[in-house]
Amino acid sequence: MNKHLSYLSLIFLSILCGAIWRTEIELHGWKGLIWLSYFHFAIPIGFALFLIWGNFQMKLGLKRRLLINFLAIIYGILITFLLSSSSYNLYVSYPVELIVVEGIPSWLFRIYKVSFLLLIPIIPAGVYLVLKLFKIQPNLKVLLFAIMGFLVSFPASILILEMLNHIGSHDMIHAIKSGVLIPFWVFSIGILLINRNSKIALKG
């Protein structure tokens, strides 16, 4: 796929994934932390769309293509589970008694609460390693941009919410809930597939 067309399609895909997420949020209701209580079908739908887009960016033999898609699905499920549980831990309060009864050290509990933030730079790094495993050779400099994209996504999303005078607070939780954050993440991962050191077709 032409590089300019790849970028245009990635921008469209990024916005579409954010729109799908927001639509599902609106259908379930905006109020409070309801959005943390149910499974988001926007995640597998967006992931499937990204996989389809990603396959157009790679020249691979059938066997290698099937393997990388399988590994991508496993990685996606793992990251979704970790993000889901960590975001719940970040925003849902626990009674002090629970910490005492379970015997969890306070320092470990604090890490557990902010595990969502610790996962952020790991997500694009994991995608980079998966691509390297299949010798797709993503550009290392682009990985740094991808990680920066994930890190900058929070303040950028909060700024956008404030500029739009969006419903609710202009904070991290609403950056996720509103779906404004999602295009930043999708785009940041997508650039790893567009920018590679080698564009030689891989067979096998």
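**Ground rules.** The model is predicted, so I kept in mind that local features need pLDDT of at least 70, that side-chain atom pairs count only at pLDDT 80 or more, and that totals for chains, interfaces and linings use all residues. Residues are numbered from 1 along each chain as its sequence is written, and side-chain values use heavy atoms, with hydrogens and water left out.

**Overall inventory.** I looked up the secondary structure and found ten helices and zero strands, where helices are DSSP runs of H or I with at least four residues, strands are runs of E with at least two, and numbering starts at the N terminus. Of the 204 residues, 43% are buried, buried being under 20% relative accessible area, exposed over 50% and partly exposed in between, with a 1.4 Å probe and protein chains only. Taking contact as heavy atoms within 4.5 Å, I noted that residues 24 or more positions apart account for 73% of the contacts with a separation of 6 or more.

**α1 against α10.** I then looked up the axes, which are lines fitted to C-alpha atoms, for helices over the stretch in contact, with angles running from 0 to 180 degrees between N-to-C directions. The axes of α1 (residues 3-28) and α10 (residues 181-194) come within 8 Å and cross at roughly 150 degrees. That makes α1 roughly antiparallel to α10, on a scale where angles under 35 degrees are roughly parallel, over 145 roughly antiparallel, 65 to 115 roughly perpendicular and the rest oblique. The crossing is right-handed, meaning that the near helix is turned clockwise from the far one by less than a right angle, anticlockwise being left-handed. Among the residues that meet here are Tyr-7, Leu-10 and Trp-21 in α1 and Val-186, Phe-187 and Ile-194 in α10. The residues of this contact divide into 13 nonpolar, four polar and one charged, with Ala, Val, Leu, Ile, Met, Phe, Trp, Tyr, Cys and Pro counted as nonpolar, Asp, Glu, Lys and Arg as charged, and the others, Gly among them, as polar.

**α2 against α10.** The axes of α2 and α10 come within 9 Å and cross at roughly 20 degrees, and the two helices are therefore roughly parallel to each other. I recorded this crossing as right-handed. Phe-50, Trp-53, Gly-54 and Gln-57 in α2 meet Val-186, Ile-189, Gly-190, Leu-193 and Ile-194 in α10. By class, this contact has six nonpolar, three polar and no charged residues. The buried residues of α2 include Phe-50, Trp-53, Gly-54 and Gln-57.

**Ala-72.** I placed Ala-72 in helix α3 (residues 62-91); at 18% relative accessibility, Ala-72 counts as buried. Not counting residues up to four places away in sequence, Ala-72 touches Phe-47 and Leu-51. The C-alpha atoms of Ala-72 and Leu-131, 59 residues apart along the chain, are separated by 9.4 Å.

**Helix α7.** Leu-131 is one of the buried residues of α7, and just after this helix I found Lys-135 with a positive phi of about 60 degrees.
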